[in-house]
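Student: Let's go through this model term by term. I want each label set against its cut-off.

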Amino acid sequence: MAVNVNKLPAAERITHGVARFTLRHRWSSLAVLTIITVFFAFHAVKVQMYSQFADLLPQAHPYIKAYNHFRTTFGGANIVSLSLRVKKGDIFTTDTLKKIRYVTEKVDQIDGVNHYQVASLAHVKIRRLEARSGGLIKSVPVLPEQVPTDPKELKELKKAMYNNDIVYGKYLSTDGKAALVLAGFNEERLDYGNIQHQIMLIRQHVEDNNTVLYAAGEPMLKGWVWFYTGELAEIFAVTFIFIFGTLIIYFRRLYGVLLPFVGAVAQAIWGLGFLGILGYNLDPLVLVIPLLVSARAASHGVQMVERYFEELEATGDKHHAVAIAMGELLLPGGIGVLADAAGILVLGVATIPLVRKLAFFASFWGFSNIFTILLLIPLLLDVLPTPTKTTHYVPQWMHDLLAWVGEFCTSRHGRWAVFAIAAVVVAAGAYEASSVQIGETEAGSPLLFQNSDFNISARAINRDFAGSNQLVIYMQGSKDNALKDPAVLAVLDNLRHYMMEQKQAGGTRDLPTLVRSVNRLYHYDDPVWAVIPRTEAGVGNMTFMYEANAPVPGVILEYMDYRARDGQFVVFYKDAKGTTIDEAIMRAKLFMAAHPLKDVKFILAGGTIGTTAALNDEVAYSDRVSTVLIVLVVFVLVTFSYMSFVAGGMVMITLIAAGIVSFLYIGLKGIGMNINTLPVTAVGMGIGVDYILYVVDRIKREYGRLHDHDLAIKRAIATSGMAVTFTATTLVGGVIPWVWMSDLRFSAEMAMLLALLMITHWLSAITLVPSIFAIIRPKFVERGAEASDEDVEMIEKDVEAAEMS
Amino acid sequence: MLCAAVATLCVTSVGCEGEAQKRAIEQRIGSSAEGRSLPEHEDYYGSGVADKDHAWVAGTYGTILSITDNATKVELQKSGTHYSLFSVSCADANDCVIGGERGLILRTTDGGKHWEKADGPKGLSENLLSISRGKDPNKIWAVGPEATVIHSVDGGKTWEDQSLHKDEALNGVVFLDDQNGWVQGEFGVIKHTTDGGKTWVESDKVVGLPKYVEDVTDAEAYHRGIPELSEQDLYLFGSAWSNPQNGYIVAAGGYVLETNDGGATWQAKRGGSNSLFAVAVPPGHPPVAAGLLGTVMHEGSGGWSLDESVASRVYTWLRSAAFSPDGSLGIMTGGDGAVLVSHDGGATWNALNKNLITAAGITAAKS
């Protein structure tokens, strides 16, 4: 049937065309959607859940390129640190020394360990050289194969270890009460859950009333994350029950409860299926994003069902109600879905594989709402039997509250009061937001609570030893033996002193110190011979003796390669806070610029400090770019949809306000911007934009009926505002359990952040936007007003024609 | 509206916050990229005590600490070098000479406010491990590897070469007056001069050495391949004399060589197995020696015995020992910032407050 749609804006013409087509071919449309869902389900079962360390590194960053280039020679940054500490006495008892050996041997047996990166005072490669009169030199392991039992021998052993520069302060704490065991792990697919489990078993074996085993390091962190994901099922269940229960209370009808869930499940199948097609893994750290997207799906579903019941109650005609709901909500819903999806897709600007993967699959996950919610639910409503009860439950308190809000926001003083309050809050937020730091703000990991096992361990290890966080400065020689040049070593000694001025620096592992130690040993252990030899040959002798005397090959690789061409200079830090990392990198860069070498080039940077510095750079860049992109995308979408810059501008302002609130929360809580917060804050800005869009669109439609701005605003608040209020409270209530149930601090804080964002958007939707409308009375609401009734009639006629045919 | 929104976006852009963070750090660390001495962590090799209110210790990375007011104040002095400094000799509260790495000689005439490099003999490149003055404080000798001996007659301004040009490290020198001096070192070398270093004669007859390098029976030595011990196997470090007849030399392996006949013969004794690097004889007090693993030894009627109090508290090596002329202040130095102080002629030792040393470094960095 030919229809005249020339009076409708372009976007509305498109959405109405889609609505008409879909309802006209309802059964075919349902069949197609079902087939596609089955197709995605087939691929969804292939998805595996695991973490990959390399996915967290921004591969295009120069530090990570350097790290990737050199780690084949020098090892990676995926290191577990274990500290065995005694409460009373010191570690120099037979029993404790045997436990240190046990821990060393057991950790060397864990799947995925790099055996060349296991070290402790009980490891055979940690040696001491003894110089005797007569030129006798003995090379022995620091801890004898037979652990001494004689108290006198134990005392001598203690003395020897205290006098050993390689051990003292590095593998043995300065108070003699703790011993450090380090274990590097491969970075390709690791079973972090197994690593954590094995280390817990080791702990059970060695701990007693006087002995504690602390465990920290990146693999342990991920292992704990894995461990706590076990509780996700419980939290999901609580969230599910809450949302389910709220829907029952509100709708009190099967459709109101079931259909949004059907849509959300279908959406999850599409999302996981797409993930399976792409061949990506699902990382447990970012599970909160798909959860949120699915919750948004339920929210859109509720809007659709709510609008359906509203019309059904008024007219009693199922097809009419479906036509109205679909016709009116497809545009704001579609823009909202596109805004959600775009908000996630802009994260694709990041070079961090984890974030890029998230951008692609999660944006599709969100985009599929158009099919699984905005099309599927109306189709189901249309084909399923008409509900027998048509009365619509409206909580009276909500009704009264929103009526009051509508009056207040349209009153002469009220509209300005709302605007002023919002301006003050935003200004305060902007001020607080300017103090947000890049990178972590506390020692330990912000993924877990400060009283978690991991963070307690990290603090203990950093207190007792040089530090479990390493900055690796690589050295690339232009020729073999470049690193044997005494002048180069003198510069490295200068570097060591310069870097050690930083308060958080606890120690270094560097070639000059090694060469000095060996030189001393070969001069009767006389400390004055701890000098850098004057010639390249002299330095070469020292490095050769060090490698040749080791019982396992490759010990020199901790300092340089076999050709003395490339090397690494390692600084240990007590923490990896953003400020610590910034200062470390800044110092390194200043030094490198001030001390250029002819045959050796300094290259940044490896270790946890280096890789996190790259991450922090990427976070700063990605956040800046993605924030601007989200705002622009939403602005363009809304402007195009309503053919109005004012509409786009208004939505953009509320989006920015939400962003400021998220930074306000982050700033006040002292959370730094890092890779964990980036996707959530970026996504969070776009979440809930559709609340505003539903209200804006409803104002426009009501104006078309009522031809009065204030009445249209009040009616929009009372209707769409009601649905928005309901969905916001449902989602906030569903997310809030994460705050107290999750042992993952990251999840708990992000849940709070997301809840705050949704509340901000909700408040903006029912107060700020209506008051702005009341103040400026934009012209775009008047455009196409007379078409409002026409387009509904067109859809109804199409549906009738389809039924007859 | 758009302009306001863009401005707000810029303010809240995390890129801006990140820059503020970096600027604060830049202001704090400054623009200099030279590593400075970290005196609480440096190793100290040499010490010189002018009197109880003026002492100096020197060590790695060109570190010189001035210790004053009966060891209650510490100041880090500017040496102008990053080379290691090994030996210190002080004539009085103003006049000191330091020997260092690769032939470096530093001297001060104003108590260390200014340290200047002095030129050694042409071609000097060996480490100067020990310094001694004659009765005339302007006469100074310094020794080092490759039998390096250098001599100054003008308080260290200029030096002449008196090297013996042999492949033997000389670790210690002591001059009893302006003519009589002793050097000792590698291969059990003990030499004596009576003409101010122009000529040297061997005076290294040692008696009482054990048969083997380790304390083992013949059978054990055979099975374990332990070599026999001869005089040439001794590695001698520091020396000290209470008078021209009675002197002490300490060595690797914990040996102490004593002479009661002016160096004609040396009796080998052993107080333990840890190498001893330094020995001093404070006036009116028994000799005291220091070495590896916090070893401090006192000579008593029963021979040399370990100072258990120090051994239980100090775990690093101790490389030098020096006393004021009246014995009222003694200083020992060691690794990782260790400085020990004695106020009773070496009978008891306590660590110099490390906070003083740390504070000295911070104060110097700010100046």
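Student: In what order do the five strands of the open sheet in chain B stand?

Tutor: The order is β17-β21-β20-β19-β18 (chain B), and the pairing is mixed. First, a caution: this is a predicted model, where local features need pLDDT of at least 70, side-chain atom pairs count only at pLDDT 80 or more, and totals for chains, interfaces and linings use all residues. Residues are numbered from 1 along each chain as its sequence is written, while chains are lettered from A and ligands numbered from 1 in the order in which they are written.

Student: What makes β17 and β18 of chain B edge strands?

Tutor: β17 (206–207) and β18 (236–241) each have a single partner strand, so one side of each is left without a neighbour in the sheet.

Student: How do you know that β19 and β20 of chain B pair?

Tutor: Two strands pair if DSSP finds at least two bridges between them. Strand β19 (residues 247–251) of chain B and strand β20 (residues 255–259) of chain B have four bridges, in the antiparallel sense. That meets the cut-off, so they count as paired. One bridge joins B:V250 to B:V256 in β20(B).

Student: Why is β18(B) called mostly covered?

Tutor: Six of its six residues are buried. A residue is buried if 20 or more other C-beta atoms lie within 10 Å of its own, exposed if 12 or fewer, and partly exposed in between; C-beta atoms are placed from the backbone.

Student: Why is A:T535 called exposed?

Tutor: A:T535 has 12 other C-beta atoms within 10 Å. The limit is 12 or fewer, so the label holds. A:T535 is found in the loop between α18 (511–521) and α19 (536–548) of chain A. Its C-alpha atom is separated by 18 Å from that of A:N494, 41 residues apart along the chain.

Student: What counts as a helix or a strand, and how many has chain A?

Tutor: Helices (H or I, at least four residues) and strands (E, at least two) are DSSP runs, numbered from the N terminus. On that basis chain A has 28 helices and 10 strands. Chain B comes to five helices and 29 strands.

Student: Which residues of the two helices make the contact?

Tutor: Contact means C-beta atoms, placed from the backbone, within 7 Å. α11(A) gives A:V337, A:D340, A:A341, A:I344 and A:L345, and α12(A) gives A:A359, A:A362, A:S363, A:G366 and A:F367.
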